[in-house]
Amino acid sequence: MDFKKIQMIFLAIFVMIDVFLFMMFHQNTSLQSESVNQGSSSEIIKQMQNDQINVKPNLSDKKSTGYYLSATLNNNLKRESKNLKNQKISYDNHILRSSFKRPFGIYSSNPEDLLDKLIKNKDIIANGSDYEYSADLSTNNTIVYLQKAEDRYIYSGTRGQIKFDISDDHTLTGYTQSYLDNVKILREKSDVISKKSALVGLYQYNEIPNNSKINWIHLYYTRLLSIKDNQVLIPTWVISFSSDNSSNATVKRINAYTGSILDGSGTTKSASESVNNN
Amino acid sequence: MKIKNLILPGLLGIAVVVSVVLSSSIWINPAHYRNSQQTSVSNNSIIDNKPMSYVYSPTQLIQTDENGKQNMLTNHSSNLISEIGNQMKNYDSKSVNKLSSGNIDEYKKFLGYKNSIILNYPAKISIKIFSKFINDSLSKGPNDSINRIVIPFDDSNEIYLLRDDGFHIYKVKFKDTNVSGLKDAIKNNVGTIPVKLKLVNKMPTIDFIKSFEMPQYGYLINKTSQNYYVTRLLPNLHNTNNIKRHRNSVVYNDQSSKQLTFYNNGEAEYFDSRPNFISSDFTQTLIDSYKNISKLSISDNLSNLRYFSYSPKNSTIIYRNYVEGFPIFNQNQYGAVQIKLVDNTSLRYNFSLNNLQIPVPTGGSNIKMETTKEVVNGLAKSGYDVSKIGPIELGYQWSSSKDSNILVTLQPTWFVYYNGRWNNYNQMINKVGY
């Protein structure tokens with residue numbers, strides 16, 4: 001009888017030990033998988049999807065290359081605009097504003113087909129062949145063309161852009177244009193990070209709110225800093241996303257050489273300021 | 001009744017077995033045993049340091065045409081040497097034979113090998129390290145050093161490895177070569193400078209036979225914070241008493257084996273009396289030294305950094321920053337990084353906190369360069385002893401801008417090895433600092 005009691009006590013103790021050991025085992029395995037989660041970028045993409053961030057563009061790991069470019073902001077565009085016909089022109093702060101005296105009717109659902117021809121006409125647009133249509137930046141009323149530079153596009157605020165205004169009654173009333181002259185290579189090409197690591201980087205900077213949708217990701221040349229009238233452009237991953245509770249898209253830039261975020265008060269910005277001040 | 005009696009010991013037995021299995025699985029796999037504090041994974045370095053084959057790549061490229069005319073090739077938009085490395089990455093060697101050693105006439109023939117390209121190293125390098133440039137295909141090659149590689153543009157599937165010191169020539173035969181890919185790599189956007197590879201006092205020398213123009217470069221510099229190096233190099237520094245401030249410097253000492261000194265002029269010196277690696281083998285020394293500089297991770301992830309020289313006499317390796325295949329001088333006395341073995345036990349690193357960061361337009365025009373002959377004549381006219389003139393190198397002078405303390409200009413200049421150090425030719429003939 002006593003032996004049976006001892007057995008009961010032992011059984012109770014061992015069951016308790018088993019439960020404890022099992023909890024420890026289970027806890028540690030889940031910790032382990034968590035730490036693996038932090039490592040690879042495809043796991044982070046999964047984590048993003050858990051945060052209801054919709055990642056639609058296909059994310060390649062492909063490595064590409066890019067240059068440091070320099071470009072000049074000068075008034076050549078103003079000079080060349082004197083040869084343009086059928087438009088009223090004003091020029092301010094390196095931006096040319098033009099309104100057509102006789103507006104064009106645009107009834108096609110693909111206005112870029114017509115604009116592609118229009119833009120190459122030297123009587124209507126100066127340096128037009130240096131620009132190309134950007135579907136992602138265009139809306140129904142504004143068609144955006146970006147300036148080309150070394151097999152990529154320049155995306156630098158209003159610089160290096162043509163914006164066509166199309167009114168609701170399908171007429172092309174005018175456009176604004178900015179041109180970056182003298183685009184030159186400053187340094188031999190070097191590797192840039194992949195699209196995937198750029199997005200993962202932005203997510204890890206906590207810049208993408210939950211319930212967002214990634215609209216597009218492009219490798220553009222954007223302005224890193226200006227020295228006098230010269231701009232230094234670098235390859236940049238430009239990421240556009242919109243959150244569920246607002247229709248506006250937010251655009252963030254990731255330095256494609258270093259993976260650091262370019263908007264906000266970064267060190268590069270302060271460097272450019274101190275150059276400008278001197 | 002009997003079965004009922006077996007239930008309790010049976011359950012007890014199962015409980016014992018389960019506890020043994022669980023605890024042994026925890027013991028066998030220590031990963032299950034760590035606590036949560038240790039599980040943080042750091043993956044903040046998206047950009048990796050450049051591989052060893054990059055830091056130990058050749059720096060200059062000379063093409064010899066069918067008539068024996070030679071041109072140094074430059075390219076503003078891409079790195080010609082790495083393009084050539086890309087074309088050679090599938091090379092697989094069949095055999096390596098020593099053709100000759102000590103035969104000057106034979107050596108001269110290879111320096112002027114018609115219809116070929118020659119890759120030059122600034123200093124000799126072991127064949128096993130060069131092998132990394134061509135996909136490790138010579139990793140079982142001879143234990144010798146070389147400083148030039150002759151790549152004939154024919155279908156012989158051969159290249160030649162040359163060593164100036166002692167005139168060694170090796171012939172490497174590959175299973176297949178990619179001559180058309182190499183020709184394509186040097187076809188577009190290539191600038192040419194007429195040169196002649198010849199022997200001066202039995203030393204192979206690149207003679208720039210015609211004057212030519214070189215661009216200037218502007219850079220923003222990045223001053224790395226002292227803290228960055230302190231946390232990286234002295235992880236065991238806990239006590240602020242171990243920081244000593246002097247008039248010209250600040251010294252951090254971890255009281256055991258490491259000391260880090262920052263001078264007010266932006267230079268730094270790191271002394272490690274218990275380094276992990278010290279080897280007497282040249283290949284191993286170069287590998288260890290690469291590991292050491294990547295630990296410092298200075299200079300833009302090593303993307304501009306190249307091996308410049310090794311001196312066995314005082315066990316010193318120097319790395320310099322390069323632009324378009326030309327070294328930058330006078331950044332400080334010793335290049336971008338110098339690693340020196342002291343007393344066979346300690347390593348002393350010298351480097352600068354100022355690094356080239358972002359290229360910027362200079363607005364300056366190209367600078368006309370004199371020929372090698374004019375440089376030698378200029379030195380003779382200024383009273384320098386011509387017989388004491390060592391190698392003459394084309395390089396870039398690092399000069400700070402007057403307008404901004406974060407802007408530097410790199411000006412193309414001749415550098416002359418004289419009195420045991422590299423001197424700026426313009427300063428020599430204008431007697432600045434003499």
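In this predicted model, helix 2 of chain A passes helix 5 of chain A in a left-handed crossing. Helix 2 covers residues 41-50 of chain A and helix 5 covers residues 195-204 of chain A, and the two pack with their axes 10 Å apart and at an angle of about 55°. On the helix 2 side of chain A, the residues making the contact are A:Ser41, A:Ile44 and A:Met48, while helix 5 of chain A brings in A:Lys196, A:Ser197, A:Val200 and A:Tyr203. Sorted by class, the residues of this contact between helix 2 and helix 5 of chain A come out as four nonpolar, two polar and one charged.

In the model, residues 6-25 of chain A are 100% helix and 0% strand, and the end C-alpha atoms of the span lie 28 Å apart.

As for domains, chain A is assigned two: domain 1 takes in 45-69 + 183-277, and domain 2 runs over 75-179. Their centres, taken over C-alpha atoms, are separated by 25 Å. Where these domains of chain A meet, twelve residues of domain 1 are in contact with nine residues of domain 2. On the domain 1 side of chain A, the elements giving two or more residues are strand 2 (64-72), strand 10 (181-192), strand 11 (212-227) and strand 12 (230-243). Strand 11 of chain A supplies the largest share of that side, six residues. The class tally for the domain 1 side of chain A is ten nonpolar, one polar and one charged.

Chain B is split into two domains as well, with domain 1 at 52-210 and domain 2 at 212-434. Here the C-alpha centres of domain 1 and domain 2 of chain B are 26 Å apart, and the contact draws 21 residues from domain 1 of chain B and 18 residues from domain 2 of chain B. Helices and strands both feature on the domain 1 side of chain B: helix 2 (52-55), strand 4 (116-126), helix 5 (127-131) and strand 9 (203-208) of chain B are the elements that give two or more residues. Strand 4 of chain B gives the most to this side, with four residues. By class, the side of domain 1 of chain B that touches domain 2 of chain B holds eleven nonpolar, seven polar and three charged residues.

Terms used:
Residues numbered from 1 in each chain as written. Chains lettered and ligands numbered in written order. Predicted model: local features only at pLDDT ≥ 70, side-chain atom pairs only at ≥ 80, totals over all residues. Domains from an automatic or database assignment. Contact = placed C-beta atoms within 7 Å. Nonpolar A, V, L, I, M, F, W, Y, C, P; charged D, E, K, R; others polar. Axes fitted to C-alpha atoms, helices over the stretch in contact; angles between N-to-C directions. Left-handed = near helix turned anticlockwise from the far one by under 90°.
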